[in-house]
Structure formats: structure tokens, C-alpha cells
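I opened my notebook today to look around a protein model and jot down what I found.

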Amino acid sequence: MYDVAGRRPLMSRVLWSAALPLMLLAGTSTFAPPADAHASPASVLKSIVLPGATSAEGIAAGEGTTFFAGDLFTGDIFRGDVENRTAARFIDVPIGRQAVGMAVNTRHDLLFVAGGFTGQAYAYDTNSGATVASFQLGDPGTSLVNDVALTPQGAWFTDTLHARLHFVPINSKGGFGPARTLTLSGPAADIGDDVNLNGIAATDDGSSLIVAHTGNGELYTVNPTSGSSAHITGVSVPGVDGIVLSGSRLWTVQAFSNVITRITLNSDLSSGVAKKTITSPLFQVPATAALFGNTLGAVNAKFDTGVPPTADQYEVVLVEA
């Protein structure tokens, strides 16, 4: 995958620029967690292998302890169980798809998947694995449809290479309306870096969106009607990728730092306070996470091995939230 200027792969340039300062500080390609991080004791280390995966990035919580995870560069979907610590390939998708961020609409048994540099997004049936719909949200190669968040009104997708979000309406019967694009204003509209808006989350009623800006290491709220945005003050999240929101608690996955930060937000989402830094010896460039009660499942993307990555296996790491 190359950027629009035809240079070396966009993700490769971004990840290298992010990794180099860390490697210089550590003197090795193995990154040390911050001194105040909470690491899991060896006796309770848990992970779930995605058998046969050749890459990984996204994860979504389904019903109960069910999760879905994606093979980034093939687009295939795995289904697993965090309690039983099992997973298997669930959907062998058509050639040419990708699977980045994802989210499950349990009411209608739909898995929404961001399609990366294809500019597409997909909806799969969580029972049969069938493709329910595909959406061409941006132009292939010049869009990076990166992550998705669900609201009662529909599915919101980030587009990392543009100052915009994409929206797919979902009606009460699980049908889809025409996709539309929301142009952003304010700080979230900054596209000065290769990786701009990345992770996305939504309040329960869908009245506010939260987006993560990887290049700026910041979080912003977005008004889903006007596209106006505002900085969430009080927190810094360098290299942030996926985010998870539950009530006033927000978790930010900071891939090359190998940490997840838990933040408590104030009532109007204008500011936050970092309350906990979570890490694990099993983290190897985690990209996204999903919440299962008091447990987070974080997907190891292993971009430290290259882009595309060249690891022998990929897994979901389970840590205390």
C-alpha cells in the first residue's frame, strides 16, 4: 500500500517514524513499559491466538464473551470467546478487502468493519458470516477508512487521510440508508501528519463522538451534526490508535508505547484525567481493544516486525481494565 505520492508505504513510513525514537531510547527493538505502568503478574498472563492469521489490527465485543477480530491485510474475520480463550477463522472474505477497526451492533447481529485503504466499509452477519452490505466511502488508495463507532442512529467511520467522518444510517429494522460524509472543523480537522484521526467512540445516545488523533497524540470531541470539534484537555496520549469508551471511562491504546491508558472524563467530555496505565509483557504493538466486563482484549498488530508484519502468530492479549 502506497500513499498518494507514490512513496514507500504510508503505514511503513508512519510506523518507522514512531518507532525510531523509542528504539534509540531503549537501545533495542524491545520496548520497556513506563515505570508507573501496571503489568500483569506472570501467573495471570492470558492471550488468545488467532490461528492462521497473517496480520491483525481490529477487535470488537459481541454478545456475552464473544469477540471478533480481523486479519488486517486479508480482511478475514475471526470469532472467539474471551472466557474460553478460543478463536477460529469465521469469515473468509473476498480477495481485496481489508479489516481495520470494527464494532458489533448486537441488536441486528451486524459486524461493521472499516476497510482501510480500499476506502470501503463492510457489514457482516454475526451468525452466518455473510456479507450484508459494503459501502464505498472514499476513493481507493487516497482514503484510509480506519475505525468505526456505533450509535443508535448508525455507524461512524474515521478517514485518516482526510478531515472528515463517514456515516452509514441504520434504521429500526437493521436496514441502511445512503452513506454520507461529515466535514470536520476545529482541531480534529488537522491533517498535518500521515496518521491523523484514527480511533473513534460514541456516547450511548450518539449525541457526541470522541476521536483520537495519532499524529497529535490528542483526543477531540466531535458534534455529529455540525462537524465542529474541541480538544479534550488534561491528557496526552502519544501514538494513540484505538479507543474504548464506557460511561465516563475512556481507554486509549498507544501502540508503540505498548501501553493502554485509562482516562476518567468529566461530565461534558471537555477534559480528562489519566487514572491508570496498563501494560503486559505480552503486548507487542497493540492496536485496538474491546471491553468485556473488567477485562480488556487488545490485539497485537506486531508492526515492529515490518509492514506488512512478519510475525509467526497474532493474538488478543487479555488484561485487567
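**Entry 1: a hairpin.** I reminded myself that this is a predicted model. I began with β11 and strand β12 (residues 154–159), which pair in the antiparallel sense over 5 bridges. I saw that the two strands form a hairpin, with 2 residues between β11 and β12. Looking across the pair, I found Thr-151 opposite Gly-154 in β12.

**Entry 2: how covered is β11?** I checked burial next: 6 of the 7 residues of β11 are buried, so I noted the strand as mostly covered, with buried meaning under 20% relative accessible area.

**Entry 3: the largest pocket.** What volume does the largest pocket have? I looked it up and got about 940 Å³. I found 36 residues in its lining, and those nearest the centre are Ala-103, Val-104, Leu-150, Ala-202 and Leu-245. β11 (145–151) turned up again here, as one of the strands that each supply at least two residues of the lining; others include β7 (102–105), β15 (197–202) and β19 (240–246). Sorting the lining by class, I wrote down 20 nonpolar, 13 polar and 3 charged residues.

**Entry 4: a loop residue.** I then went to Asn-223, which I found in the loop between β17 (218–222) and β18 (229–231). Is Asn-223 buried, partly exposed or exposed? I counted Asn-223 as partly exposed because its relative accessibility is 33%. Leaving out residues up to four places away in sequence, I saw Asn-223 touch Leu-182 and Ser-228. I also looked at Leu-209, 14 residues from Asn-223 along the chain: the C-alpha atoms of the two are separated by 6.5 Å.

Key: Residues numbered from 1 in each chain as written. Predicted model: local features only at pLDDT ≥ 70, side-chain atom pairs only at ≥ 80, totals over all residues. Heavy atoms only, no water. 1 Å grid on protein atoms, 1.4 Å probe; cavity = no way out; pocket = protein on both sides within 12 Å on 5 of 7 lines; lining within 4 Å. Points joined across faces, edges and corners; volume = space filled by probe spheres on them. Helix = DSSP H or I, 4+ residues; strand = E, 2+ residues; numbered from the N terminus. Nonpolar A, V, L, I, M, F, W, Y, C, P; charged D, E, K, R; others polar. Buried < 20%, exposed > 50% of the residue type's maximum accessible area, 1.4 Å probe, protein only. Pairing = 2+ DSSP bridges. Contact = heavy atoms within 4.5 Å.
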